[in-house]
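Good morning, colleagues. Please look at the model first.

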Protein chains: 2
Amino acid sequence: MNGAQSLMQTLSNAGVKICFTNPGTTEIHLLEALEHAGDMRAVLCLFEGVCAGAADGYARMTGKPAATLLHLGPGLANAAANLHNARRARSPVVNLVGDHPVYHQKNDPPLASDIATLASPVSGWVRQAQNPAGLPSDGAAAVSASMGPPGAPATLIIPADCAWGESKPFAGTMNTPKPGAVSSRAVDAAAEMLTSDGPTALILGGKALLEPALTAAGRIAQKTGAVLLSQTFDARFARGAGRPFVRRLPYFPEDAKKRLASFKKVILAGTNPPTPFFAYPDTSLQLLPTGCEITALCGFSDDASAGLAALAEALGAENADFATALPKRPEKPHGPLNPETAGAAIGALLPENAIVSDESGTSGAHAYRFTAGAPAHDWLCLTGGSIGQGVPVATGAALACPDQKVLCLQGDGGAMYTLQALWTQARENLDITTVIFSNRKYQILKVELHRLGLVDAGPRVTDAMDLSRPDLDWVHLANGMGVEASRVDNAEDFYNDLARALAQPGPYLIEAVI
Amino acid sequence: MNGAQSLMQTLSNAGVKICFTNPGTTEIHLLEALEHAGDMRAVLCLFEGVCAGAADGYARMTGKPAATLLHLGPGLANAAANLHNARRARSPVVNLVGDHPVYHQKNDPPLASDIATLASPVSGWVRQAQNPAGLPSDGAAAVSASMGPPGAPATLIIPADCAWGESKPFAGTMNTPKPGAVSSRAVDAAAEMLTSDGPTALILGGKALLEPALTAAGRIAQKTGAVLLSQTFDARFARGAGRPFVRRLPYFPEDAKKRLASFKKVILAGTNPPTPFFAYPDTSLQLLPTGCEITALCGFSDDASAGLAALAEALGAENADFATALPKRPEKPHGPLNPETAGAAIGALLPENAIVSDESGTSGAHAYRFTAGAPAHDWLCLTGGSIGQGVPVATGAALACPDQKVLCLQGDGGAMYTLQALWTQARENLDITTVIFSNRKYQILKVELHRLGLVDAGPRVTDAMDLSRPDLDWVHLANGMGVEASRVDNAEDFYNDLARALAQPGPYLIEAVI
């Protein structure tokens, strides 16, 4: 057995069951080895940014690492923006990057570059394989590293001669990392804060936003009057009717400051203290009110479920009732299509157990609000601010959860970054409804320009924020990749098309002109 | 004047006349400054890979740096694959990358990452601005660094507070780098080699492939019997009827070895010794025959024109006649459409002074051969092997040379990487005819698989090389971005559509189903 076969077999045995591929010549032996790698599924993506985003979406829904297969430095570079998002989501992803044999790198052939350096800012772990015999343990180490804690992309660089050289099956022991234990001191400090006077916020992040941690948080809130908050964006929110209601912080710092102004005490569970997305001239970055006390129950690497359960127990709330979001759906909307009526239609129609991949930018806030009382569902955010994540993450989520409907809410600007994902959706016949919010501009930039007081910007500025001239035609673009699509420009048509798309299996795209 | 305005003014004064933008919030002041930056043109691209490729294409045709405006680490990451190609083309490109202020980076907001590390493998020069007052000299240094010699992407990272803070106009002196002088010893060594016995190859690269160096090389060849060769891929070939004929090395090492087998001596002008694109098991990487003597007349950083002129003079050939490619066009092709008939149509129709952006992969070899006697034209290659360069480079070349027709020959696999460039072509009404060679597979991988003897590959392997299921519809994709298009599947229709597209101004795409 060659190194590639030994590696792929190791990955499969370690629980890696899917590989998003865009291979080249240096990866041919790795690709060939996939054929023999048990039940590992190979999914072709026509751009590496799709591979990385899909691996992230898969990992968010399964908690298990997905692999990518990438072609040297440029393949890794194309994946890097969505690996940045995956790193921010703390998703386990195993990148397999082919390279020239070391003896050829010294000839500096055209595709040679410093892959390890390129990979390091978007990876929690980087290793270059040294020989074929070591490749299976390199693979086992990569899987282990990807799982953290916390999860992160792990990048294994594989010179082609390691892939084609002679190797053996992995003979070591897989190290399956576990999240860190939450100290009783941290639990006591949080309990003390919650039982003393003054309004307290419990800010949840990462796994604390998922069951069973979420229910424990709900009990704590009910028992103590603490308010459950989250960051604006996180990897995955379990939400909807029947689940504890978590309020997320507004995006702009002035709004977040208002939301946080009344809290004297903050407990962090699985997240950092809130900070603005961007800095602005003459604007303080401090979101929490002056004198606000902070304590961390658990960090990114810790077991948030155990920590919140222990805290609930310390408060005598381990079996307490807790408030949940009540079932509530907006009315079917009428009239013009805009973010609010689109959001109402989504709130009215979102099916139970749906997975929402949200990169809707300025168009999606209403959809989030209107789905608070929709049947229980998962909501996946743009974690690292690098646009072009929504459609790939939807793709990976659908592969992870074939029995759940995926709804992708995607701004047109970001959609253009990784539109190639639609082809993979068609090829794999994935059950995804994509809504493109087609406002034909980088609306967020127009908002920011206004906030910065640059209101009389000239044509070079406004042109650079304007996606019209010509208008993108998303029906044509989707059809060009084999995905059925329609365009709507009023609330009734949007509601009707969305209802039909959600009811039928397979990929469908709606261009919502707002 | 703020730092952004001072920077953009400096760049414009230093000769940077175009900026390919995809800005975000951290770049708003830089964008606003473009409004006041004299005659610098701002061109919006809907993905940063398009910015980088277009900047490369512009630089290849003008020899002058183009700027890109990129959004933090992810924006740079998205540009990195085509920056890799630009680095291999030795193109001057100035990347302007916005970042958080340093005082916000410590809060680790979602978009924060290590931009300098990401940039270093694809840049010849990286600097992070320290304060607004230093920004204009940082910009001048970036322009200078981008021009080398040899040219390379230069990346300037601009924390937002440097852009919005108070600055002054640039008061320093622009350093305009010049290529290095070729030593008389190198000229003498080459002259001695050319006047001694035995077949000699003169391998040209970089600026040695352009006038006036090319004519000097033609004279040297004529006088001495040396054979003019080039690497398989280079940034720009000046070629066609009336110009010295340069034979390029075949792609596969076994073919290149055959081509080189008869040479006892090799002179390098502006390039490295030839090396294979990829290594293969049990295959020597040595392309030149054993015992072949090598001498370098000039390297990447040297003045190839002066070096070849000096060599011609040393040989007494400075005014000699020289052989040129004779005008010759293939007949109008008939019958099925395949790489050969498509190539014949291109050879029959290529207009004088055309610029060909070639990323045709396995489909384009015939087109290169059939245009050897076409009217004089420029041929731009995929320099770094990172697919997705062809359409963006065509875009930048068309902006650089509005009076020349651009023909983009592009494989479908690579076209999917940066198809967003078509939208910029439509918006700017660029005079580009794009031919998509639609073979619906990664044909090169099928060839490589066969060469490696992996002939009985299973479905996971063959699926990963297959772009059908569903077929991409390039007419829909082009129309979706505002570019007129047609699909053809026989030689006559291809000839007729190509003739019409080349005769009419503006962007047009032909899907050539082969």
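Let me begin with the interface. In chain B, 100% of the interface residues are interface residues in chain A as well, so the copies meet through the same surface. Contact here means that the C-beta atoms of two residues, placed from the backbone, lie within 7 Å.

Before going further, a word on conventions. This is a predicted model, in which local features need pLDDT of at least 70 and side-chain atom pairs count only at pLDDT 80 or more, while totals for chains, interfaces and linings use all residues. Residues are numbered from 1 along each chain as its sequence is written, and chains are lettered from A and ligands numbered from 1 in the order in which they are written.

How are the two chains related?

In the interface, 79 residues of chain B are in contact with 79 residues of chain A. The greatest contribution on the chain B side comes from H4(B), with 8 residues; helices are DSSP runs of H or I with at least four residues, strands are runs of E with at least two, and both are numbered from the N terminus. By class, the chain B side has 43 nonpolar, 25 polar and 11 charged residues. Here Ala, Val, Leu, Ile, Met, Phe, Trp, Tyr, Cys and Pro count as nonpolar, Asp, Glu, Lys and Arg as charged, and the others, Gly among them, as polar.

Consider next the pair of H4 helices. H4(A) and H4(B), residues 72–89 in chain B, pack at about 170° with axes 8 Å apart. H4(A) is therefore roughly antiparallel to H4(B), a term for angles over 145 degrees. Axes are lines fitted to C-alpha atoms over the stretch in contact, with angles from 0 to 180 degrees between N-to-C directions. Among the residues of H4(A) that meet H4(B) are A:Gly73, A:Ala77 and A:His84. This contact has 8 nonpolar, 6 polar and no charged residues.

Finally, the domains. An automatic or database assignment divides chain A into domain 1 (3–164), domain 2 (184–314) and domain 3 (339–513). The contact between domain 1 and domain 3 of chain A takes 25 residues from each.

Methods:
Angles under 35 degrees count as roughly parallel, over 145 as roughly antiparallel, 65 to 115 as roughly perpendicular and the rest as oblique.
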